[in-house]
Amino acid sequence: MCDRPITCKPGNGMANQNQIRIRIPDLKQNLAPRCSQPLRGFISSLLAPQSLLLWYCPSIKMVGPAPFVDMGKKAKDLLTKDYNFDQKFTLSMLSSTGMGLTATGLKKDQIFFGDINTVYKSGNTTVDVKVDSYSNVSTKVTVNDVWPCSKAALSFRIPDHKSGKLDVQYLHPHAAIDSSIGLNPNPLLELSATIGSNELYLGGEVGFDTASSSITKYTAGINLNKPDFSVALLLTDKGQALKASYIHSVNPFTSVAAEMAHRFSTYGNTFTIGSSHAVDPFTVVKTRFSDNGKVAMLCQREWRPKSLVTFSAEYDSKAMNASPKMGLALALKP
């Protein structure tokens, strides 16, 4: 038990804006002797520093199991994140008032796509509006700490009047629950949950279509995290495929990852392996090889704070007459 006073800033559940200082031994000494032995242990656990932080700081970030959608994400990010085989330009600007503006342009073959994204943050509310080159407007309003350890998000697209969706997330030191419901006459319902700890957790997700009264998906998985490696095993595609991913930190500068999948119906197997190496504090080189014969590499350089230039290339060894794909991405953040 810690003898140091706990100091925390009030969250939404606080009645005033003053910091609260509590000395744990004083509370135990005044309360515990007046109670029976079983109740003393209960009081001691409630007066632990972690519990008091959760009582008085409901907005504190807790370390618990990740949401189900993030299961195996570390390996997937190493194998796929930042690879781009087109020409992409991104300009991000952030003001002191909480307003952020991001303009993105992408040239794919001979077609140009673009969008402008505006994000405004005020207190616990974030408003995200995106307008693309086809005049589609996507809006998302997120409210954190609707009640302690939770957040809710309302999203919709214009002119698609059936695109409305409500997402609710609840995070607990030993569980994470995500739910989603479409805001239309025949909504699609989705629910996912994980239980355990940040080190070892298991979970699943299910989707239900009310229009056809059928289950659209169900997936289950387990994830193990250690300081130097992370491994995930998932049963996907309604139990038709088994997917495993693994990432290992060889040293502070180099990491390797692998992702394998087996489909029971066709007995087919696929795999992807890759690596990431920090050449210096500003340069990262990544490589990737897949069972389909495609080899890819990436070089990313931070040429100024928060501004990146990324060069990617991919060669298909099974398509001898095809030219290698190359891409360049430039991200500026003044």
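Predicted model: local features only at pLDDT ≥ 70, side-chain atom pairs only at ≥ 80, totals over all residues.
Helix α4 covers residues 73–80, and its buried members are Ala 75, Leu 78 and Leu 79. These three lie on the same side of α4, because they cover an arc of only 95 degrees around the axis. After α4 comes Asp 82, whose phi is positive, near 75 degrees.

**The chain as a whole**

Stepping back, you will find four helices and 21 strands in the protein chain. Of its 334 residues, 26% are buried. The accessible surface of the chain is about 20,700 Å², and carbon and sulfur atoms account for 61% of that area. Take the contacts between residues at least 6 apart in sequence: 29% of them join residues at least 24 apart.

Now follow the chain along β9 (165–172), then β10 (residues 175–182), then β11 (residues 188–196). A hairpin of two residues links β9 to β10, while the hairpin from β10 to β11 passes through five residues. Both pairings are antiparallel, as this table shows.

| Strand pair | Bridges | Residues standing opposite |
|---|---|---|
| β9 and β10 | eight | Lys 165 and Gly 182 |
| β10 and β11 | seven | Ile 181 and Leu 189 |

Strand β10 therefore has a partner in β9, through eight bridges, and another in β11, through seven.

Which residues lie in the loop between β8 and β9? Pro 159 is one of them, and Ser 163 is found there too, between β8 (150–158) and β9 (165–172). Pro 159 is joined to Ile 158 by a cis peptide bond, with omega about 20 degrees.

Is Ser 163 buried or exposed? Ser 163 counts as buried, because its relative accessibility is 12% and the cut-off for buried is under 20%. The side chain of Ser 163 reaches the backbone oxygen of Asp 160 at 2.7 Å. Setting aside neighbours within four places in sequence, Ser 163 is in contact with Ser 155, Phe 156 and Arg 157.

Asp 109 belongs to the loop between β4 (99–108) and β5 (111–122). Its phi is near 60 degrees, a positive value in a residue other than glycine. Asp 109 is exposed, with a relative accessible area of 62%.

Tyr 267 counts as exposed because its relative accessibility is 65%, where exposed means over 50%.

Definitions and conventions. Residues numbered from 1 in each chain as written. Heavy atoms only, no water. Buried < 20%, exposed > 50% of the residue type's maximum accessible area, 1.4 Å probe, protein only. Polar contact = N/O pair within 3.5 Å; in protein donor to acceptor, adjacent residues only side chain to side chain. Contact = heavy atoms within 4.5 Å. Arc of directions from axis to C-beta. Areas by Shrake-Rupley, 256 points an atom, 1.4 Å probe, with all protein chains shown as cover.
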